[in-house]
Amino acid sequence: MLTAEENELLCRVEGQAPMGQLMRRHWTPVCLIEEVSEPDGTPVKARVFGEDLVVFRDTNGRVGVMDEYCPHRRVSLVFGRNENCGLRCLYHGWKMDVDGNVVEMVSEPAASGMAQKTKHLAYPTQEWGGFVWAYMGPADTKPAFVPPAWAPTADAQVTIAKAVIPCNWAQILEGAIDSAHSSSLHSSDMVPARVAGAEATDTTWLRPSTDKAPRMQVERGGYGFRYAAIRRPIANAAANDYVRSTVFVAPATALIPPNNLYNVANINVPMDDTNTAFYFIAWGHKDQTPDTATWRKFLGQQPGVDLAPGYVPLRSRANMFWQDRGAMKAGNFTGITGFPNQDIAMWVTMGPIADRTHERLGASDIAVVEFRKQMLEAVKAFQAGAPAIGTGDARIPAEVVAFQAIVPKTTDWRAYKAHYVWDGKEPELEPSYSTGAPAESPQPVPPPVATSA
């Protein structure tokens, strides 16, 4: 458990909160590119670290991320006119370009020179991997943009589901890196089967293990940490282990063990202390990674079906997350459709900010404990003048990846040579996106035995 003071330090991100200031030293997703895809299209409201923003694409296709409120009388620019390479406030006609320059100030005499003396708050932006990114830290600490581990090159297909969750970022992140819960909470969607490794179907993800109590081992790095959840496989458990290795990339990303077709990741952007933009990502080869509509339907995260405008889930605590008790009696473990919705129900019922002073943690919570320990150490070091965790030379190395595999018990998961999922139909990206084999190949899992009806 944490003390109340530690919990506050870990969770709070608004204003001058140390954790929020640490996060601002990283490039941060602000919204999806699809939300602002049209030049001179409708501006979009965003909120990050407790700061209200407006995002728009200008006539020339450049994206701006600015303070939502006009520098004149603090009217919302979300209602403004997006035209002729600038966003014009409706109140008095002031117009700002994507860099925050006031290019027109029609309510003031041109001779006043006031427009040249006024600068609106605008952040540097980058478009990559389906997101509009912004750097919201001090200008003198701005790092070069480096593609994230889940979108390493422009060739990779990245498919994203988005939902705005009414709770703190840290309890969502802890759920993403907690491998143990998937064997219970997601047991009707991540189904044990006699397969050689995790496999994806149209409706479920298959796993070669029935083990609900994995052994956990952690390896820390300057970027965060990776850990292994080690389970008994269904076949040949005396000789082999089933390893699922998850990677925490500070400050708020999880690389989740893949299936046989595509890779999986999650990034959690704090909108403020008690709301989070949750992004669930499939990525990999374009012929094997689901398209956007398929992915969102599979997850139960479809706008207009599962989500209200603004990506707000229609399932809520008030309507019991549409839980179906009849389905539970028929064998479904949770009665909640879509495994992210199962997670969301757990995160939201912890409260807006989880009270970690009353928890009873066990051996299966090693990754959660390591996350809290490492991030509290990192934020205290940052307060003392150290660089933000995961920046500069401490960023995640290319060879650190999430993976899942059946391996011989003699194989150390830390030394297992794993790569992201890639099928080789086209020239490989760097690094290779195919699952590497250990030095000693595990014995294959035999096929299921056919039985008569």
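1. A word on terms before we look at the spaces inside this protein: Ala, Val, Leu, Ile, Met, Phe, Trp, Tyr, Cys and Pro count as nonpolar, Asp, Glu, Lys and Arg as charged, and the others, Gly among them, as polar. With that in hand, the lining of the largest cavity divides into 10 nonpolar, 7 polar and 4 charged residues. Please keep in mind as you read that this is a predicted model.

2. How many cavities of 30 Å³ or more does the count give? The count comes to 3. The largest cavity has a volume of about 270 Å³. Its lining is made up of 21 residues, and those closest to the centre of the cavity are Gly175, Ala176, His181, Met190 and Ile256.

3. At least two lining residues of the largest cavity come from each of α4 (169-176), β15 (205-207), β18 (240-249), β21 (275-284) and α7 (339-349). Which element gives the largest share of this lining? That is α7, with 4 residues.

4. The second largest cavity holds about 60 Å³ of space. You can find it in the structure by picking out Met190, Ala198, Trp205, Leu206, Arg207, Arg244, Pro257, Pro258, Asn259 and Val264, which line it. Met190 is worth a click here: it belongs to this lining, and it is also listed among the residues closest to the centre of the largest cavity. Strand β15 gives the most to the lining of the second largest cavity, with 3 residues. By class, that lining has 7 nonpolar residues, 1 polar and 2 charged.

5. Next come the open spaces. The largest pocket has a volume of about 560 Å³. Of the 32 residues that line this pocket, His26, Trp27, Trp133, Ala250 and Pro251 lie nearest its centre. Strands β1, β19 (253-256) and β20 (263-272) each supply at least two lining residues, and β20 gives the most, with 4. What classes make up the lining of the largest pocket? There are 23 nonpolar, 7 polar and 2 charged residues.

6. UniProt, in an unreviewed entry, lists residues 27-134 as "domain: Rieske". In the model, this stretch is 4% helix and 39% strand.

7. Strand β10 (residues 125-128) runs antiparallel to strand β11 (residues 131-135), and 4 bridges join them. Within the pair, Thr125 stands opposite Ala134 in β11. The two strands form a hairpin with 2 residues between them. In the turn, Gly129 has a positive phi of about 60°.

8. Is Pro43 buried or exposed? Its relative accessible area is 8%, so Pro43 counts as buried, the cut-off being under 20%. Leaving aside neighbours within four places in sequence, Pro43 is in contact with Val54, Val55, Phe56, Leu77, Val78, Gly80, Asn82 and Leu87. Take Leu77 from that list: it is 34 residues from Pro43 along the chain, and the C-alpha atoms of the two are separated by 8.0 Å.

Key:
Residues are numbered from 1 along each chain as its sequence is written. This is a predicted model: local features need pLDDT of at least 70, side-chain atom pairs count only at pLDDT 80 or more; totals for chains, interfaces and linings use all residues. Side-chain values use heavy atoms; hydrogens and water are left out. On a 1 Å grid over the protein atoms alone, a cavity is a set of points where a 1.4 Å probe fits but cannot get out, and a pocket is an open set with protein on both sides within 12 Å along at least five of seven lines; lining residues have an atom within 4 Å of a point. Grid points are joined across faces, edges and corners, and a volume is the space filled by probe spheres set on the points. Two strands pair if DSSP finds at least two bridges between them. UniProt positions are given in the numbering used here, feature names are shortened, and annotations may be inferred rather than shown by experiment. Buried means under 20% relative accessible area, exposed over 50%, partly exposed in between (1.4 Å probe, protein chains only). Contact means heavy atoms within 4.5 Å.
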